[in-house]
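Student: I would like to go through the terms used for this model one by one. Please set each value against its cut-off.

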Amino acid sequence: MASGSEDSGSDIDGEILTDDEDVSSDDDDLQFPEGGRGPWIPVFDQQNYVRDHIYDFITDGPVGPLNRNIINPQPIDYFENQLSNGETSLFELLTNETNRYAAQFFQQHPVQNLPPNSRSRQWIDVTLAEMRTFIGLLLLMGIIQKPSIESYWSTDCLLSTPSFANAMSRNRFQLILKFLHANNNEQNPARDHPNYDPAGKLTEMVNLCNQGFSRNYR
């Protein structure tokens with residue numbers, strides 16, 4: 001039972017530390033790179049490692065949003081600004097590459113050779129407005145979680161979420177999902193090529209987003 005008097009130190013791992021004892025951190029014996037602690041990533045070549053520029057809030061200027069010249073901005077305006085490099089938006093990239101991939105698919109699999117009930121027979125090029133709706137539904141699925149894609153279009157009174165069916169049909173959503181792409185497959189090196197990148201299908205999208213983040217926030 002704890003007593004009413006104040007202890008002179010803290011009980012750590014069963015040891016009583018008094019005010020006279022020096023409590024030091026294990027970090028005191030570590031040698032950190034010039035300029036402070038870190039980096040907080042593994043450094044395999046410590047001899048040749050050059051630390052990146054550390055942002056100085058005094059000499060490098062203030063941080064925060066940039067390009068805030070939107071009149072009466074709405075949240076969607078900031079969202080779209082972040083996902084654009086100033087020339088191409090993420091929605092435009094996904095629209096163009098999804099349509100490109102679909103065209104490549106049908107070159108290899110002509111419509112007349114597809115099974116009669118194949119959903120792919122119904123494909124028409126996705127529009128920019130449809131892609132925005134598609135991405136919006138994907139984000140909404142992260143908030144409204146269900147066991148399957150089909151269940152979002154359920155008409156069961158206990159499971160129904162009408163906003164999905166009102167925005168896009170289930171077949172159209174699944175068809176866009178089937179062909180969704182963010183790069184040109186024809187430019188990907190083969191798996192056995194020395195320049196093959198396992199994340200190559202996402203590189204262009206990641207670069208676009210990083211450019212947008214750098215352009216709109218410092």
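**Terms and values**

Tutor: Start with Glu 130, which is partly exposed, with a relative accessible area of 22%. The model is predicted, so residue numbers count from 1 along each chain as its sequence is written, local features need pLDDT of at least 70, side-chain atom pairs count only at pLDDT 80 or more, and totals for chains, interfaces and linings use all residues. Side-chain values use heavy atoms, with hydrogens and water left out.

Student: Why is Glu 130 called partly exposed?

Tutor: Buried means under 20% relative accessible area, exposed means over 50%, and partly exposed is in between (1.4 Å probe, protein chains only). Glu 130 has 22%, so it is partly exposed.

Student: What makes Glu 130 and Arg 172 a salt bridge?

Tutor: A salt bridge needs a side-chain nitrogen of Lys or Arg within 4 Å of a carboxyl oxygen of Asp or Glu. For Glu 130 and Arg 172 the N to O distance is 2.9 Å, so the pair qualifies. Glu 130 lies in helix 3 and Arg 172 in helix 5 (residues 170-179), so the pair ties together parts that are 42 residues apart in sequence.

Student: Is Arg 172 buried or exposed?

Tutor: Arg 172 has a relative accessible area of 11%, so it is buried.

Student: Which residues does Glu 130 touch, not counting residues up to four places away in sequence?

Tutor: Glu 130 touches Asp 125, Met 168 and Arg 172, where contact means heavy atoms within 4.5 Å. The C-alpha atoms of Glu 130 and Met 168 are separated by 8.3 Å, and the two residues are 38 apart along the chain.

Student: How many salt bridges does a search of the whole structure find?

Tutor: The search finds 3. One of them joins the side chains of Glu 80 and Arg 132, at 2.2 Å from N to O. Glu 80 is in helix 1 (residues 75-82) and Arg 132 in helix 3 (residues 128-143), so this pair ties together parts 52 residues apart in sequence. Glu 80 has a relative accessible area of 24% and is partly exposed; Arg 132, with 38%, is also partly exposed.

Student: What makes Glu 97 and Arg 100 a salt bridge?

Tutor: The N to O distance between their side chains is 2.8 Å, which lies within the cut-off, so Glu 97 and Arg 100 count as a salt bridge. The two residues are 3 apart in helix 2 (residues 90-108), a separation of about one helical turn.

Student: Why does Glu 97 count as buried?

Tutor: Its relative accessibility is 5%, so Glu 97 is buried. Arg 100, at 35%, counts as partly exposed.

Student: What counts as a helix or a strand, and how many of each are there in the protein chain?

Tutor: Helices (H or I, at least four residues) and strands (E, at least two) are DSSP runs, numbered from the N terminus. The protein chain has 6 helices and 2 strands. From the N terminus on, the order is β-β-α-α-α-α-α-α.

Student: Where is Tyr 101, and what does it touch?

Tutor: Tyr 101 is in helix 2. Leaving out residues up to four places away in sequence, Tyr 101 touches Lys 178, Phe 179, His 181 and Asn 185. Tyr 101 and Lys 178 are 77 residues apart in sequence, and 10.0 Å apart in space, C-alpha to C-alpha. With a relative accessible area of 21%, Tyr 101 is partly exposed.

Student: Where is Ala 103?

Tutor: Ala 103 is also in helix 2. Its relative accessible area is 41%, so Ala 103 is partly exposed.

Student: How much of the protein chain is buried?

Tutor: Buried residues make up 23% of the 218 residues. Of the contacts in the chain with a separation of 6 or more, 60% are between residues 24 or more positions apart.
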